[in-house]
Amino acid sequence: FIIKYIFKVLMLGPSNQTCALGAKNGKGENMSKVVEFYYDFGSPTCYLAFYKLRQLEEEGKLKIDYRPVLLGGIFKAIGNSAPANIPAKGKYMFEDIIRYAKRYGLDYDFNPHFPINTLNLMRGAVGMMGDKRFVDFNDLLFRAFWRDKKNMGDPETVKEVIEKGGFDFNKIHALSSDQSVKDELKKRTGEAVEKGLFGAPTMFLGDEMFWGQDRIFMIEEKL
C-alpha cells in the first residue's frame, strides 16, 4: 500500500488534502501554529505568558515568534498606563498573578523594585535575536525579575545577573548601546502600536489578537 501511495504521489502529485495539511513555512513549521508573542521583561504577566507559551511549544502545540517591545513606549504612544497605577485594579491584578503562577506551576515572587525601567534590557533582547541562546537570555531575565526579585534597574545588578547566567555582559551592553539596535526596538514598538497593541503580553495567532496571559487558553482551543 505504501509503495502504491508513493508511486501515486510521484506520478500525480500530492492531493489537495496533503497540501492543506502540509502547509509550512521555510523552517518546516506549520504556519497556522506560529504565535507572535509581544513582551517586556518588566511585566509580571509577560513572565507568566513566556513560560506558559514555552510549555505549549515543548508539547508541540505551537511555535513562538518572539517580539520584544518597550511596553512604556506603547503606553506613551497611545496614552495608556499600567493597571498597577490604579490602586484597586493593581491590588487585584497582583493577587491574580499569584493564582495563575500556582496554576501554571511557576515560582513567582513580586519584585519590590517594580516598576523598573527596561529600556536597555529590551534593547539587549532585540540585539540578541538570532543568537542561539536568545531564549535562554529571555529566561534568565524573566527569572531575575519575577522569581529572584533582582533590582534590574541597577547596572551592577544587571551585570552580575548576566555574567552569572553565562553571558558576556560587555557584548550585550555593546548591543544595547548600538544605534541600529536602538532604532530596531523603536521600530518594533511602533509597529506593535500600528498593529493595535495597547499592552503586553499580547499574542497573535494569524490575524487574531489575544491580550493577556489569561487568554492563552483561547489560543490553545484554536490550535
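Residues are numbered from 1 along each chain as its sequence is written. Because the model is predicted, local features need pLDDT of at least 70 and side-chain atom pairs count only at pLDDT 80 or more, whereas totals for chains, interfaces and linings use all residues; side-chain values use heavy atoms, with hydrogens and water left out.

The protein chain contains eleven helices and four strands, taken as DSSP runs numbered from the N terminus (helices H or I, at least four residues; strands E, at least two). Of its 223 residues, 40% are buried (under 20% relative accessible area, with exposed over 50% and partly exposed in between; 1.4 Å probe, protein chains only). The accessible surface amounts to about 12800 Å², and carbon and sulfur atoms account for 53% of that area (Shrake-Rupley method, 1.4 Å probe; for residues, only the protein chains shown count as cover). Among contacts (heavy atoms within 4.5 Å) between residues at least 6 apart in sequence, 70% link residues at least 24 apart.

Strand β1 (residues 34-39) is largely enclosed by the rest of the structure, because six of its six residues are buried. Val34, Glu36 and Tyr38 lie on one side of β1 and Val35, Phe37 and Tyr39 on the other, and both faces are covered. β1 pairs with strand β2 (residues 63-68) in the parallel sense over six bridges, pairing being assigned if DSSP finds at least two bridges between two strands. Val35 is placed opposite Ile64 of β2.

Trp146 belongs to helix α7 (residues 134-146) and counts as buried, with 1% relative accessibility. Not counting residues up to four places away in sequence, its contacts include Phe41, Pro44, Tyr47, Asp109 and Phe114. Cys46 is 100 residues from Trp146 along the chain, with 10.0 Å between their C-alpha atoms.

The largest pocket has a volume of about 960 Å³. A pocket is an open set of points on a 1 Å grid over the protein atoms alone, where a 1.4 Å probe fits, with protein on both sides within 12 Å along at least five of seven lines; lining residues have an atom within 4 Å of a point. Grid points are joined across faces, edges and corners, and the volume is the space filled by probe spheres set on the points. Of the 36 lining residues, Leu71, Phe75, Ala82, Pro83 and Met93 are the closest to the pocket centre. Two or more lining residues come from each of α3 (44-58), α4 (71-78) and α5 (87-104), and α5 gives the most, with five.
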